[in-house]
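The sequence and coordinates follow, and the discussion starts from a single residue before widening to the rest of the chain.

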Amino acid sequence: MTGRNKSGAMGVAIAAGATAAMAAVLAKFASPQMRWEGRVGCYVGVVACNVAMWTLYVRSLASLSSLQATVLNFAANFLLSGFAGFLIFEEATHFQWFLGAALIVMGIMVLSKAEVSSEPATASPNSKQD
């Protein structure tokens, strides 16, 4: 796979996570204090975002391993949901959250650089065969 294909697929996996985060934001906006029309609109948006998320996620699987696509999707969702909570809903976010988010980003960088082999593992010459 070319680097350009893989980076494009990584962008698609991140976009999937972003749409999942948007679904979470819309769900949080659908509060009992909102009129029923607004709540229905938010729930329709949640469904639309989840459909878009799954479409993008499946598309990213065409060029990435399932591990890479899942980790990028989850991390984007986690980070963007956390930042949305902090910025939009003024939720308290502690130093540990930011430290954990930084560790997640570093882990993603390590996983995204990993190449997944499609060849089956072979037995070493020293192993016993029955």
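Thr19 counts as buried because its relative accessibility is 18%, which falls under the 20% limit used for that class. The model discussed here is predicted, and all values in this report are to be read with that in mind. Thr19 is found in helix 1, which covers residues 3-29. When the neighbours within four places in sequence are set aside, the residues in contact with Thr19 are Cys49, Ala52, Met53 and Leu56. For Met53 there is also a polar approach, since the backbone nitrogen of Met53 lies 3.4 Å from a polar atom of the Thr19 side chain, a separation that is within the 3.5 Å cut-off for a polar contact.

**Salt bridges**

| Pair | Closest N and O atoms | Relative accessibility of each residue |
|---|---|---|
| Glu91 and Lys28 | 1.9 Å | Glu91 33%, Lys28 43% |
| Arg35 and Glu37 | 3.0 Å | Arg35 62%, Glu37 36% |

Glu91 forms its salt bridge with Lys28. Because Glu91 lies in the loop between helix 3 and helix 4 while Lys28 lies in helix 1, the pair ties together parts that are 63 residues apart in sequence. Glu91 is partly exposed, and Lys28 is likewise partly exposed. In the other pair, Arg35 counts as exposed at 62% relative accessibility, whereas Glu37 counts as partly exposed at 36%.

**A nonpolar surface patch**

On the surface, Phe29, Phe83, Phe86, Leu87, Ile88 and Phe98 form a nonpolar patch, and together these residues have about 560 Å² of accessible area. Helix 3, which spans residues 66-87, gives the most to this patch, with three residues. Phe98, one of the patch members, is found in helix 4, residues 95-113, and counts as partly exposed because its relative accessibility is 35%.

**Annotated spans**

From the record, an unreviewed UniProt entry, come residues 43-62, 69-89 and 95-112, listed as "transmembrane region". In the model, residues 43-62 are 90% helix and 0% strand, with the end C-alpha atoms 29 Å apart.

Note on methods:
Residues are numbered from 1 along each chain as its sequence is written. This is a predicted model: local features need pLDDT of at least 70, side-chain atom pairs count only at pLDDT 80 or more; totals for chains, interfaces and linings use all residues. Side-chain values use heavy atoms; hydrogens and water are left out. Helices (H or I, at least four residues) and strands (E, at least two) are DSSP runs, numbered from the N terminus. Buried means under 20% relative accessible area, exposed over 50%, partly exposed in between (1.4 Å probe, protein chains only). A polar contact is a pair of N or O atoms within 3.5 Å; within protein, one must be able to donate a hydrogen and the other to accept it, and residues adjacent in sequence count only if both atoms are side-chain atoms. Contact means heavy atoms within 4.5 Å. Patches are made of residues with over 30% relative accessible area and no salt bridge: like charges are joined within 9 Å, nonpolar side chains (Val, Leu, Ile, Met, Phe, Trp, Tyr) within 5 Å. Accessible areas come from the Shrake-Rupley method with a 1.4 Å probe; for residues, only the protein chains shown count as cover. A salt bridge is a side-chain nitrogen of Lys or Arg within 4 Å of a carboxyl oxygen of Asp or Glu. UniProt positions are given in the numbering used here, feature names are shortened, and annotations may be inferred rather than shown by experiment.
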